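Me: I'd like a close look at one part of this model. Keep it chatty, but give me the cut-offs as you go.

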Amino acid sequence: MISVEQAFAAIESTVTPLNGQTVTLSAAVGRVLTEEVRSDVDSPPHDKSVMDGFAVRATDIAAGVTEFRVLETIIAGAVATSEVTPGTTARIMTGAPLPPGADSVVMIEMSNLGYTDPTPETVTLRVEAEFTPGKHRMVRAGNFAKGDLIFATHHLIRPVDIGLLAEIGAADVNVCAQPSIAVLPTGDELVDCAQLPSGAQIRNSNGPMIEAIANRWGAATHNLGIGIDQVDELKQKIAQGIEHDMLILSGGVSAGTMDLVPKVLSGLGVKTVFHKVKVKPGKPIFFGVVEHPNRRRCYVFGLPGNPVSSLIGMHLFVSTAMRILTGNGKNRLRPQRWGAVLKSEHQTRGDRPTYWPARRCDCNDPRTVEPLRWNGSSDLLSLREAEGLIHFPARQSKYKSGEPVEFLPF
Ligand code: AMP
Ligand code: MG
């Protein structure tokens, strides 16, 4: 049985990114750039005023001139029609280009005018105490210049990046393709969440959870329904599933008589990369890959059926594969780990590293984390409050409050 670290390494050496595609900017959030993006404009495109006021020559102000002849009013989007010469000024609005000759702006509050007064022939300006040449002016290309590298390859596009991409003219962007992921929960006992289970039935909680997480990661998911524990039926559904970039199964991967998934996968040409990882919960996890003759390969994860096991498989391993698949690979591949300290003493059982639902505490030390009350791999209730998982290594079972631990935020 391999370790968690070995499982990460196996995923990293198996998965390769999808090809690139071009999408419109509005569809780009959550996607990763496959090439760098440079600006096609200067920002700002001209020297501009950052205040409503009067465009002046700093030398006039230095010489003590206070009465100015007003040449015109320049609004944002307009261009000056005359040059500011000694003793003259142009009324100017925020964002408007500075007129030729002017290098500074005196704000309207320092004039004998109000915001709504019409443009007069002359204006009296007082000088701000800290007036310096260039006051209230933003110089052309002060933010960045045409041709500057704005986003590097592999950048993950976030909502906050969209404004900047729009400013630099990135109406279409080249990004990694969106993975298509098929989801197949298996188990005779499962019924859809819309149904009331009877007898020994339980609701399929993994399917919706896996789909939700994969969607959040930017995948397009395909629900294959519930697979029953029967070879031919599984074969037919799995055959559909491996047509996608990834197939995520849950249930049927351990060593019980009805755990048919590994056998069916192998019969359909899925090569095992690993099966079973030293982790608690979630040991029987399966990872494999199937090559197709004329199209891209499919990566297959078989997650143990217990819902928290499935979740931990998603958070640790499927997420790592997703980061590579979506081109995020030059950045951090494995789940984030924060150095944290335990709020309360804690005891773990077993010989495997344990990932325990936990939350951050509202205490003085923001690194403090608290293991939640948790009944094991079938207990989803603790996740309601969980903000991540605490990693308890296998070598130790008793932890004191204040001890350092690793926290993996969701
Ligand atoms: P298995 O991995 O198939 O042996 O399943 C382990 C446990 O997880 C069993 O108690 C199953 O009933 C439960 N289980 C399997 N699949 C699901 C599912 N999709 N949703 C909720 N529980 C499940
Ligand atoms: Mg089962």
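How do the residues of the lining of the largest cavity divide into nonpolar, polar and charged?

Reply: Five are nonpolar, four polar and one charged. (Ala, Val, Leu, Ile, Met, Phe, Trp, Tyr, Cys and Pro count as nonpolar, Asp, Glu, Lys and Arg as charged, and the others, Gly included, as polar.) Bear in mind that this is a predicted model, where local features need pLDDT of at least 70, side-chain atom pairs need 80 or more, and totals for chains, interfaces and linings take in all residues. Residues count from 1 along each chain as written, chains are lettered from A and ligands numbered from 1 in written order, and side-chain values use heavy atoms, without hydrogens or water.

Searching the whole structure turns up one cavity of 30 Å³ or more. A cavity here is a set of points on a 1 Å grid over the protein atoms alone where a 1.4 Å probe fits but cannot get out, and lining residues have an atom within 4 Å of a point. The volume of the largest cavity is about 40 Å³, that is, the space filled by probe spheres set on grid points joined across faces, edges and corners.

Around that space sit Gly30, Arg31 and Val32, then Cys176, Ala177, Gln178 and Pro179, plus Trp217, Gly218 and Thr326. Domain 1 (4-19 + 177-325) and domain 2 (20-43 + 143-176) each give at least three residues to the lining. Those bounds come from an automatic or database domain assignment, which also gives domain 3 (48-138) and domain 4 (338-409). For scale, 66 Å separates the C-alpha centres of domain 1 and domain 3.

As a side note, ligand 1 has 18 residues around it, and Glu189, Asn204, Gly252, Gly305 and Asn306 are the closest (a heavy atom within 4 Å counts as near). That shell divides into five nonpolar, 10 polar and three charged residues. An oxygen atom of ligand 1 lies 2.8 Å from a polar backbone atom of Gly252; for Gly305 the distance is also 2.8 Å, and for Asn306 it is 3.0 Å. Alone, ligand 1 exposes 480 Å², and the protein buries 77% of that (Shrake-Rupley areas with a 1.4 Å probe).

Terms used: 1 Å grid on protein atoms, 1.4 Å probe; cavity = no way out; pocket = protein on both sides within 12 Å on 5 of 7 lines; lining within 4 Å. Polar contact = N/O pair within 3.5 Å; in protein donor to acceptor, adjacent residues only side chain to side chain.
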